[in-house]
Amino acid sequence: MEHVTNPEVERLVRSQWTFTARAEREAGAQLLALWGSDERDRAGGFLLRAAVLRGARLRVLELALANEAEVFPSLAEIFPAAARMERAVCDLLGLRCDGMDARPWLRHASWPAGAPLRRDFDAAHQAPAQAEPYPFVRVDGDGVHEIPVGPVHAGIIEPGHFRFSVVGEKVLRLEQRLGYVHKGIEKRFERMSLADGRRLAARVCGDSAVAFSWAYCIALETLCATTPPPLALALRALVLERERIANHLGDLGALGNDAGFAFGLSQFLRLKEDLLRANAQAFGARYPMDYVVPGGVAAAPDARAADALLAQTSTLERSLRELRAIYDGHAGVQDRFRACGVVKADLAARLGLVGLAARASGLSGDLRCERPWAPYDRLDVRPALQQGGDVAARVALRFDETQESLRLCALLLRSLPQGEHRASPGAVAQPGPAYGLVEGWRGPVLVALEADDDGRVRRCHPHDPSWQNWPLLEHAVIGNIVPDFPLINKSFNLSYSGQDL
């Protein structure tokens, strides 16, 4: 398969928008992303886009809106994950859709009155922002009370508000409110150089820096008709798999700790620290945010660094096998993991769960297998799948995926191609939009990129899979006790930052 991401793009009229989306849903497609753009400077009004994936087929649906007064049809009844994305379109562009939840999703008095993704938005000349009360859904009944958690959390955890309705300690309902640190990333992209945009993309979500920067570079290389050399593609896959391993190791330790097994935390954090130190030696940074660059990678590790990375894969594989046996054989840990935070396959499919969490509920879907891009088209990735849909299944899937990623790293390191590690991107051959799609450790990461007439970023929309998966957490916790929420939450480990652009 080619290095570039080539979707089918179709411009629809209003009467086709929901009809086409429903046909895609009935055929088994899932919603990858939904976003909007201001095209008024090109006499185009506004443009709504929805990316859907069915197997290996990526399709982007477009709906033109003549002006801000035109209400667009909601896709939330077809793809429930669209609901929050449509609310974000409302907050950021001031557009409305039929029957939408009118409560602000990203707006927490984060910017002055107005729609920041409109081309004529100027924060310096807007009225000051005013905080607005947020009407959480109330649950009434005998013995029902509310427990508000957040938005400020301990340590470095990003802000998010969780409103529990409980009877005793049993959770009847959870309602989230996120978006407290709106960073203005999509607005910041506008008018950046295409090369600098890659650095911002890598910082959308720090634990997925490689996935986002690679997706951005795929889109940029499509615009510039540039193909990275084979060595660069192999090294990109290597750092992406090491990013996956690092996150899984950290989560496996934190999940053990949340189950009262501090030994697991200390052991997995030790392994993660060893991996990050090796990253610093081989790639110049513990978290290689600036390693994937347009046309390739920043540098190739020398033979000694490559040998050290290969030796580390063997050490990690051996330690992982030993720790898995300890976790699986620890009655107290398994008692906490099993039948906790269950998301059954039918609910996961209906609400659009993606990535790691979906595979733990029995739903297949891994772009490295189903839509492999170079060099994954020659690696024969072995997909991991669990059926339980509980914390235990999400833990087991992390073990399985870490084992497979270590195998892939060893395979890549033993067969690194010769040649250059970077090609020089040419001039923009077509303004776009172009798309980059990468399987990050949480799930599919999509970047849509469009260049302006002078070769700068006109519009960039990066999409994190946490958008789809946060709503499922509200369902996973129902019927569990409040003290189990940290464990369930960590078993998903969703990103606040990735969905708060």
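Y435 has a relative accessibility of 2% and therefore counts as buried, a term that applies under 20% relative accessible area, as against exposed over 50% and partly exposed in between, for a 1.4 Å probe and protein chains only. The model is a predicted one, in which local features need pLDDT of at least 70 and side-chain atom pairs count only at pLDDT 80 or more, while totals for chains, interfaces and linings use all residues. Residues are numbered from 1 along each chain as its sequence is written, and side-chain values use heavy atoms, with hydrogens and water left out.

Rings of Phe, Tyr and Trp (its six-membered ring) are taken as a pair if their centres lie within 6.5 Å, and such a pair is stacked with planes under 30 degrees apart, edge-to-face over 60 and tilted for the rest. By this rule there are 17 aromatic pairs. In one of them, the ring centres of W35 and Y435 are 6.4 Å apart and the planes stand at 65°, so the pair is edge-to-face. Distant parts of the chain are linked by this pair, since W35 belongs to strand β2 (residues 30-38) and Y435 to strand β10 (residues 434-439), 400 residues apart. W35 is also buried, its relative accessible area being 3%. Elsewhere, one aromatic cluster is formed by F261, F263, F268, Y327, F337 and F399.

The largest pocket has a volume of about 1000 Å³. Of its 33 lining residues, I156, I157, K490, N493 and Y496 are the closest to its centre. A pocket here is an open set of points on a 1 Å grid over the protein atoms alone, where a 1.4 Å probe fits, with protein on both sides within 12 Å along at least five of seven lines, and lining residues have an atom within 4 Å of a point. At least two lining residues each come from β6 (161-167), α6 (230-258), α7 (262-283) and α15 (485-492), and α6 gives the largest share, six residues. The lining of the largest pocket divides into 18 nonpolar, eight polar and seven charged residues.

For the second largest pocket, the volume is about 620 Å³. P80, A83, R84, R87 and D101 are the closest to its centre among the 29 residues that line this pocket. The elements α2 (82-93), β7 (170-177) and α14 (466-476) each supply at least two residues of this lining, which comprises 14 nonpolar, five polar and 10 charged residues.

Key
Helix = DSSP H or I, 4+ residues; strand = E, 2+ residues; numbered from the N terminus. Points joined across faces, edges and corners; volume = space filled by probe spheres on them. Nonpolar A, V, L, I, M, F, W, Y, C, P; charged D, E, K, R; others polar.
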